[in-house]
Structure formats: C-alpha cells, structure tokens
Amino acid sequence: MRKTYKYRIYPTNKQARELNSQLETCRMIYNLFLSERKDSWEKNKISVSMYDQFNQLPLLKMEFPDLKQVFSQTLQNIGERVNLAYQAFFRRVKSGMEEPGYPRFKSYGRYDSMTYPLYGKGIKIVDDKVRLFSIGHVKTVFHRPIEGTPKTAIIKRSSTNKWYVSFSCEIEKPEVLPKSELNVGIDVGLETFAYMSDNTKIDNPRFFKKEEKELSKAQSKRDLLTKGSKERKAMNRKVCRIYERVKFKRDDFAHQESRKIINKYQIIAIEDLNINQLKSNNYKVLKKSISDVAWGSFFNLLQVKAEEAGRVVIAVNPAYTSQDCSQCHYRKKKTLAERIHKCEECGLIMHRDLNSSINILSLGLQALGANP
C-alpha cells in the first residue's frame, strides 16, 4: 500500500526565487500544451496526444532556455496533468451529471506544485535535508520518520507562500491493530457532525462559521484597495491566512476523529454520499455548511486509516435510512425539521440520526455478509 508523508521545507530567499521561477516555467508549458490541444482540434479536428507533447520538449528547451532549470521528468508530468484534465472533462461530458467545465488556462501564480515521478531522480533526502535538481539542499523539518520506500515526491507552495514536500511511500506490511469486537454505523449531518449507532456523537465544530466575520472584514478591506498595490497584496495574504487557518483546523479535526473511530471499531459503515450533488441541490447557506463539515475528507481519511489498520469501511446507499424504522423497518416520510423518530407500528422513539445510523450499520453488515 501507499502512504504519504508531508513535511514543511524552508528554502532560503534565493532558493524560494528559483522555486517560484520553476513553477512559472511549468505554468507556461502547461498553458502551451493546453493551447496546442485546443487549437489543433478547433482548427483541424486533430487530437494531440500526451506522447506527441513529450516529444516536443527537447525542441522547447532549445527555444526556452529556462526549461533546462526544471527537471526533465517534472516537465513530462505537466503533459500528464493536461491529459488528466482532458480525461476528467470527457468523463463529465459523458456522464451528463455535472457541468463539463473545459480545462482552464492557469493564470499567474496559480500553478503551485511540481511532481518528481521517481524518487532519487531530481529529488532525494540527504542529511536531513531535501536535495532538489538545480536548487540544492533545502532545509526540511522531518517531524516524523518516513516509513517504507519513497516512490514519488511533490513540491508545493501554499497560498501563504509556505513550502511543503510530500513523499509517496510503498509500505509492504502495515502495522495492523488488534481486532475489535465493536462495529458502528455513522450518520453525518449539519446539526451534529456525526451520530453513531452506539448513541455517541461528534459535535459539529463549524470552523468556517467561527472565522466568517473576520474573513468578511478582511475581504471588504482588501476590495477597497487598489488592484496591484502592495497594500492590497498584503491584505490578500491576510485573507489567505484565514482560509489556511480554517483548513488546518478542519484537517486536524478530521484526522483526530477518524483515528479515534479506527482505533475503536472493526467494521465502520458510512453513507455513500455524492457531496457535489448535495451542494448543487441546496441553497447557498447550506452549500457553505456542507463545505464546512467536509464529510468527503473525513470519509477518505477513514478509508485510508482503515486500510492501514486492518479495519473495514463499507459505504452504503443512504436512501430511506432516515425514514425506515430500525426496529420494525416500517417506512414513513419525515421532513428535515423532524428530529425525533416515532414509529407508528412498533412505537420506537429515538433521535432521528441515531435511528439512521443503526440502519446504516445494518446495511453495511448485510453487504459484508456479517450478522447484524
């Protein structure tokens, strides 16, 4: 299995300028490849393949000497990114479920990462530092040891001009946790972040809502300043820092809560939610709340940690889980305002989300062929 380790790096001012220059060079090539594909099809109905664009790189290096400062496999990865953008576009067109969204050109400063497809080629850890092609040794804080064999690496610049390196490592034998006798179903929501089938719950921290007032003030001040001025750039950095702070809190929360669940339960049943569709079907205020709780990130972390720990995460269809009685399975429609489940058949009374989480666990166990 693969596991990613992310570390903060601290380039010198000169190294940061060189890294920014490389990112801008990558952005130029990305836009060039995208433009070539777009023009070739619109004018001549000819598709340009990823490998056609790979073959152009030696000639482009002669035309643009700055390309020689970027590692060759990193340049090839740009062609792969353009290809993936087109594949995603065609998938959306074919499905008809989403707005297709034609691949976009990257504006200045919007290309923020470089990939090194093979560890040891262009990037390597040397004496507790990261050595980069044409950059040199960059100070790195390894806050935890790397396990397994590094395979690929990514250098990324954040919106607040912090730099990070991520290593994707191959781990042969992950450390499996002792088997637990406890299973759980999880119903996620906006009032309560997660309600579990054993009647425990996780409160919704509402990180974005707590920062929304300060964010609105900062954005209002920024919008009054002259575009391109130093003052506007400084205020925009403040706006980015608020967003970054919310992201850090949200990520930490998701990691902490998912770890607690993985440590405690053996089988974890969750809802198979289409979060993008949920956001598109609701009002603006609900879109914000759905984005703030970040169920998708939480579910992804559960699945990743479960694979490593020897746990089982099963996603089930959430249809009717809040309407069916978990005791007698009698179905009755409820509005969102009805927070208490009252069964007319068997008389069961409990919290709506608890009833739903019990149904989710039951469906999960059935899907796995286990006894409910």
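## Helix 1 and helix 4

Helix 1 and helix 4 are oblique to each other, a label for angles that are not under 35 degrees (roughly parallel), not over 145 (roughly antiparallel) and not from 65 to 115 (roughly perpendicular). In this predicted model, the axes of helix 1 (residues 13-44) and helix 4 (residues 72-95) cross at roughly 45 degrees and come within 9 Å. Axes here are lines fitted to C-alpha atoms, for helices over the stretch in contact, with angles running from 0 to 180 degrees between N-to-C directions.

On the helix 1 side, Cys 26, Ile 29, Tyr 30, Phe 33, Leu 34, Arg 37 and Lys 38 meet Thr 74, Ile 78, Gly 79, Arg 81, Val 82, Asn 83, Ala 85 and Tyr 86 of helix 4. Contact means heavy atoms within 4.5 Å. A charge counts as over a ring if NZ of Lys or CZ of Arg is within 6 Å of the ring centre and within 35 degrees of the ring normal. Lys 139 lies over the face of Tyr 10 too, at 5.6 Å from the ring centre.

## How to read the model

Residues are numbered from 1 along each chain as its sequence is written. Since this is a predicted model, local features need pLDDT of at least 70 and side-chain atom pairs count only at pLDDT 80 or more, while totals for chains, interfaces and linings use all residues; side-chain values use heavy atoms, with hydrogens and water left out.

## The chain as a whole

The chain has 10 helices and 14 strands, where helices (H or I, at least four residues) and strands (E, at least two) are DSSP runs numbered from the N terminus. Its C-alpha atoms fill a box of roughly 80 × 50 × 45 Å, taken along the principal axes.

Of the 372 residues in the chain, 42% are buried; buried means under 20% relative accessible area, exposed over 50%, and partly exposed in between (1.4 Å probe, protein chains only). Among contacts between residues at least 6 apart in sequence, 66% join residues at least 24 apart.

## Helix 6 and its two neighbours

Helix 6 (residues 230-264) and helix 9 (residues 295-309) have axes that come within 9 Å and cross at roughly 45 degrees. That makes helix 6 oblique to helix 9, and the crossing is right-handed. Residues in this contact include Ala 254, His 255 and Ile 262 of helix 6, with Phe 298, Leu 301 and Ala 309 of helix 9.

Next comes helix 5 (residues 207-224), whose axis comes within 9 Å of that of helix 6 and crosses it at roughly 170 degrees. Helix 5 and helix 6 are therefore roughly antiparallel. Among the residues in contact are Phe 207, Leu 215 and Arg 222 of helix 5, and Arg 232, Val 239 and Phe 253 of helix 6.

## Aromatic pairs

A search of the whole structure finds 15 aromatic pairs. Rings of Phe, Tyr and Trp (its six-membered ring) pair if their centres lie within 6.5 Å; planes under 30 degrees apart count as stacked, over 60 as edge-to-face and the rest as tilted. Tyr 119 and Phe 167 form an edge-to-face pair, 6.0 Å centre to centre with 80 degrees between the planes. The two are 48 residues apart and link distant parts of the chain, with Tyr 119 in the loop between strand 2 (113-116) and strand 3 (123-126) and Phe 167 in strand 7 (residues 163-170). Tyr 119 is partly exposed at 24% relative accessibility, whereas Phe 167 is buried at 0%.

Phe 193, Phe 207, Phe 253, Phe 298 and Phe 299 form one aromatic cluster.

## Loop residues worth a visit

Pro 117 is also in the loop between strand 2 and strand 3, and is partly exposed at 26% relative accessibility. Leaving out residues up to four places away in sequence, Pro 117 touches Gln 73, Thr 74, Lys 151 and Thr 152. Its C-alpha atom is separated by 8.4 Å from that of Ile 154, 37 residues apart along the chain.

Arg 206 has a positive phi, near 50 degrees, though it is a residue other than glycine. Arg 206 lies in the loop between strand 10 (201-203) and helix 5 and is partly exposed, at 32%. His 329, not a glycine either, has a positive phi of about 70 degrees. His 329 sits in the loop between strand 12 (312-316) and strand 13 (340-342) and counts as exposed, at 53% relative accessibility.

Definitions and conventions: Left-handed = near helix turned anticlockwise from the far one by under 90°.
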